Amino acid sequence: MKQHSFLLFTTLLLLSVFHATAQDKKKGKKADEEKTPVFNYVIDDPMDAFGPKGDAADTNRYFLFPEFYSYWPVTVNDTVLKYECYDAAHQPLNMDTLHNLSDLHYVSFIRFYTDYLQTGIDQDGKPQPLKVANILYKYERTGNDTWTALDNINQYRTTLQEQTTKIVRSDTSIITNKITGSKQLTIRRYYKVVEIAKENEVNPENKTISSEAPSTVVTHLVPEFYFHRPQIIKDTTLEFLCYDNRDSLIPEVQNYDDVRYFSLFKKYTDTEHTYTDKDGSKKPLPVSFITKRYDASAKDKWMSIEYPGNKLTELKGFKNIIVSSDTEQVKDPVTDKQVLHVYNRYKVIKN
């Protein structure tokens, strides 16, 4: 399972692709073609399965990344997880404008959060909650298709190798120019990466850490309207419950393809009404009701019902387009080990 941990958290390696604009017709010699510069992305990729776009004002960019990388930061409550990239001199790189992949040498996967139990002094001399940045994983380019990855939490080192011909997923984003109205579509494709070697590390107390990872990683693919952890807004809680084909509640979903429908419950305490408990005491009335329900109507299709009013909306999902990710770490009661659950949310639109 450690292999999957590094396949999830290993960082950004952009595979350069050739710029797709036409070469100067006067330079038809093969020697000149070999001098074509290598870019980190291309505009209007001629290999795109959908062909060239008719609107010349709209441009497309295509990027290729290893599967352990995620372009989008992950926000969990007040914690942010994201990748940062550096050159050989450890200077930060902007991966959206990087054209020469030889500049990319190091990648760090960092956790940012605020420690409210400790304070620091800002530039105005005022105490503020301490801002913390912890490097969880570090990656160093070691060859044309290999990386060395270090897990700082478990002091575990491994070697990763790329398989760039095997695409495992993709995601997209669109930027619209507010002045011209033209759109720029960015398509990111992720290729397979495998662990080819691993070794034990020694922690600061000189104790050998086992090469077997103490925690496992479980990846879930879910529609973007779903969230696995209850959301609390003041005194109101929103929570999804999942049901199978027998209309039975699934307490812990292992495979979200088994979910026939999601019910979104709204819970709150009605302080203006009371009830009498078993001890004869009066307490504020707890209220719970379904505010939305999503039924699987066909493959990758959902029928949304909004209450009250019974408003119906048909939705279509695109599992190859990941719009956001979230994580949760829990302890397995059987093995007593930590399990990291990763929830990748795929695009859902009105049909």
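A: A residue is called exposed when its relative accessible area is over 50%, buried when it is under 20%, and partly exposed in between. The model is predicted.

A salt bridge to start with is the one between R246 and D244, whose closest N and O atoms are 3.3 Å apart. Its two partners fall into separate classes of accessibility. R246 has a relative accessible area of 67% and is therefore exposed. D244 has a relative accessible area of 12%, so D244 is buried.

Another salt bridge joins the side chains of D257 and K319, at 3.4 Å from N to O. D257 is in the loop between β15 and β16, while K319 is in strand β19 (residues 311-331), so this pair ties together parts that are 62 residues apart in sequence. D257 is exposed, at 58% relative accessible area, and K319, at 33%, counts as partly exposed.

R141 and E162 also meet through their side chains in a salt bridge, with 3.7 Å from N to O. This pair links distant parts of the chain, since R141 belongs to strand β7 (residues 127-141) and E162 to strand β9 (residues 156-176), 21 residues apart. R141 counts as partly exposed at 23% relative accessibility, whereas E162 is buried at 9%.

The count of salt bridges comes to 11. Salt bridges also link D247, R260, R293 and D295 in a network.

Now the aromatic rings. Searching the whole structure gives 17 aromatic pairs. One of them is the edge-to-face pair of F240 and F262, with 6.1 Å between the centres and 80 degrees between the planes. F240 is in strand β15 (residues 236-243) and F262 in strand β16 (residues 261-276), so the pair ties together parts that are 22 residues apart in sequence. F240 counts as buried at 6% relative accessibility, and F262 is buried with a relative accessible area of 1%.

Y256 and Y343 form an aromatic pair that is edge-to-face as well, at 6.4 Å centre to centre and 80 degrees between the planes. Distant parts of the chain are linked here: Y256 sits in the loop between β15 and β16 and Y343 in strand β20 (residues 338-350), 87 residues apart. Y256 is buried at 10% relative accessible area, and Y343 is buried at 8%.

The charged end of R169 sits over the ring of Y190, 4.1 Å from the ring centre. In the case of K82, the charged end sits over the ring of F112, at 5.3 Å from the centre.

E195 is located in strand β10 (residues 183-199). The side chain of E195 makes a polar contact of 2.5 Å with the side chain of T158. At 19% relative accessibility, E195 counts as buried, because the limit for that class is under 20%.

Definitions and conventions. Residues numbered from 1 in each chain as written. Predicted model: local features only at pLDDT ≥ 70, side-chain atom pairs only at ≥ 80, totals over all residues. Heavy atoms only, no water. Phe/Tyr/Trp six-rings, centres within 6.5 Å; stacked < 30°, edge-to-face > 60°. Helix = DSSP H or I, 4+ residues; strand = E, 2+ residues; numbered from the N terminus. Buried < 20%, exposed > 50% of the residue type's maximum accessible area, 1.4 Å probe, protein only. Lys NZ or Arg CZ within 6 Å of the ring centre and 35° of its normal. Polar contact = N/O pair within 3.5 Å; in protein donor to acceptor, adjacent residues only side chain to side chain. Salt bridge = Lys/Arg side-chain N within 4 Å of Asp/Glu carboxyl O.
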